Amino acid sequence: MRRNMIAILMVMLVGAHAASAVAGTLNGRIKLGGVSLDEEGDLSAVQETYNIHDGFSISQIRLDGSLKPRQYFMLNLREINLDGRQGDFLYRVPGRFKLTAGYDQHRQVFDSERAVNSERKDMKFGLQYSPSKWMSLSGNLGYLMREGERLRYPMSTGGVLGPTTTALGTEYDNVLLTGRIGADLHKGRRGVAVTYRMSDYTDDLNSGADRTGYVVSARAYMPDFYYDKATHLVRGAYGVRKLSEGDIEYTLANFQYTGVVQPVDEFQFKYNFDANRIDHETTDLQTDRYQNNFDATYFHKHGRVTGGYGYEMNDDDRTLTSYQSWRAGTAVRFAKKYSARIDYSGRVKKDEEELTLLKDVEASRLRARVQVEPLDDVLLGAGYVQREREYPDIDVKAEGDVLNLFWRYGLDGWGSFSGDYSFSTDEYTDLVAGFETESHVVTGRVD
C-alpha cells in the first residue's frame, strides 16, 4: 500500500513538473524527518498522541503554482508514508471552476496499553462550476470508513453470570457515504438556491443500524417590493431518515424567515423566525420548536453597538419549555492601534410543566477585551470573562472568572515572538457543599 502511494506520488510530481515546464509556474517544498517515540503510562489519556507513528517520515510535499494564465493548483501531502497520512488537492479557475479533494487517515486509541484502537479513513471530493455570472452549480461527496476494535462496555469480564455482553459489540466496521448537489441563481439583491443532501450508513457488523436519509431545501432572497431598504430571506427544508431494516422513520420540516431593514447607514434592524418540526412516523409523535430573534446594530466611525432579544418555545409530547435570551455589546477602534470590545449575554430556561430533570436554568456571560499596538511590530492586550450558571430549583450553581494577558513582537521579514498568560478561578456549589478550582496557563510561541 505504501509503495503504491509513493509511486503515485512520483507520477504526480513528474506530471506537475512537466505541465509547469510547458506553461506557468511551480513552487514546492519538501520536508523529510523522523519520529522517535518514548512512551510510558496511559497512552489513551492524551489525545494529541493518538495519531503519532514512529520511523522515517516524508513530513510534507507541497506544490502550488499555475498551469497557464488564470489556472491555479495546490497539492499538499503530509506524512504520506506513515499510517497517519493526509493530503489535499485544489485546482481552480477563478470565477469559473473549482475542484477539491482531501484524504485523512488516523487512528483512535481506547486503552492504556494502546492495544485496542480503531482506524478512520476520510475522503472528500468537491466540485463547483459557474457557467455564467448569475449561475453556480456545486456538489460534493464524502466517504468515511471506520474499522478496528472497541472496548467492551460495561468493563466487567467475569462474575457469576460470566463475561459482560453488549449490543454495541467489540469491533467497528462501518461506512458513511454523504453527498450534496446544489444550484444557485443570483443577480444583484435577488437570488434563488436549491440543495439536495443525502447520507447512507452501512454497518457490516450490525445490519440493524443501517440507515439512509435525505434533505431537500430551497431558499430565496429579495428586496422589499415597497421599501427598497428592506431585504427578505425565506428558506424551507424537508427531509426523511429511516432505518433500512424495521419500521422506524421520521421526517423533518423547517421554515425560516429573516428580514433586515437599514433605513440609514448607521442603523440596522434584523428579525429572524425559525420553525422546526420532527415527526416520528412510527409512533405518531411530534416535537415542535419555534424561535424568534430581534437584533439592532448602530454603526459609527469607531465601531458599533449591538443589542438583541430572543424567545424560544420547545413543545414535545411530554414537556413544554421556553427560553429567553438577551445580548448587548460594543466594539470600538481608534487610530488603528487601539481597540476594545465588551459584550454581555444571558439565557433563562423555564420548565413550564416542571417535568425536566434540571427544571429552570439561568446562565450569563460577560466578556471584555482590550488591545493596543504601541509600535508597528508590538501588540499588547488583556481579556476578562465572567461566567455563571445556576439551577435555582435544586440549589446548584457554578461561577468563575478568567483573566488573560497576551503579547506579540514581530521581526520584519524574519518572524515573530508571542505569548499569553491565563488565570481562572471557578466556584461550584452543589447539594453537598461545593468546591473551588484555580488554574494558571502560560503559552509561548516562536515563528
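## Starting at Ala253

A contact here means heavy atoms within 4.5 Å. Ala253 sits in strand S12, which covers residues 249-264. Helices (H or I, at least four residues) and strands (E, at least two) are DSSP runs, numbered from the N terminus.

Is Ala253 buried, partly exposed or exposed? Its relative accessibility is 33%, so Ala253 counts as partly exposed. The cut-offs are under 20% relative accessible area for buried and over 50% for exposed, with partly exposed in between (1.4 Å probe, protein chains only). From Ala253 to Asp279 is 26 residues along the chain, and their C-alpha atoms are separated by 8.3 Å.

## What you're looking at

This is a predicted model, where local features need pLDDT of at least 70 and side-chain atom pairs count only at pLDDT 80 or more, while totals for chains, interfaces and linings use all residues. Residues are numbered from 1 along each chain as its sequence is written, and side-chain values use heavy atoms, with hydrogens and water left out.

## The whole protein

The protein has one helix and 22 strands, and its C-alpha trace spans about 75 × 65 × 50 Å along the principal axes. Of the 447 residues, 26% are buried. Take the contacts with a separation of 6 or more: 44% of them come from residues 24 or more positions apart.

## Rings meeting rings

How many aromatic pairs does the structure hold? There are eight. Rings of Phe, Tyr and Trp (its six-membered ring) pair if their centres lie within 6.5 Å; planes under 30 degrees apart count as stacked, over 60 as edge-to-face and the rest as tilted. Phe267 and Tyr298 make a tilted pair, 5.1 Å centre to centre with 40 degrees between the planes. Phe267 belongs to strand S13 (residues 267-280) and Tyr298 to strand S14 (residues 285-300), so this pair ties together parts 31 residues apart in sequence.

Phe267 is partly exposed at 36% relative accessible area, and Tyr298 is partly exposed at 34%. Elsewhere, Tyr257, Tyr271 and Phe294 form one aromatic cluster.

## Arginines over tyrosines

Arg146 lies over the face of Tyr172, 3.8 Å from the ring centre. A charge sits over a ring if NZ of Lys or CZ of Arg is within 6 Å of the ring centre and within 35 degrees of the ring normal. Arg146 is part of strand S7 (residues 135-149) and counts as buried, with 12% relative accessibility. Its contacts beyond four places in sequence include Tyr172, Glu119 and Asp173.

Arg211 also has its charged end over a ring, that of Tyr201, at 4.3 Å from the centre.

## A buried loop residue

Thr319 is in the loop between strand S15 (303-315) and strand S16 (320-334). Its 9% relative accessibility makes Thr319 buried. Not counting residues up to four places away, Thr319 touches Asn314, Glu353, Leu355 and Thr356.
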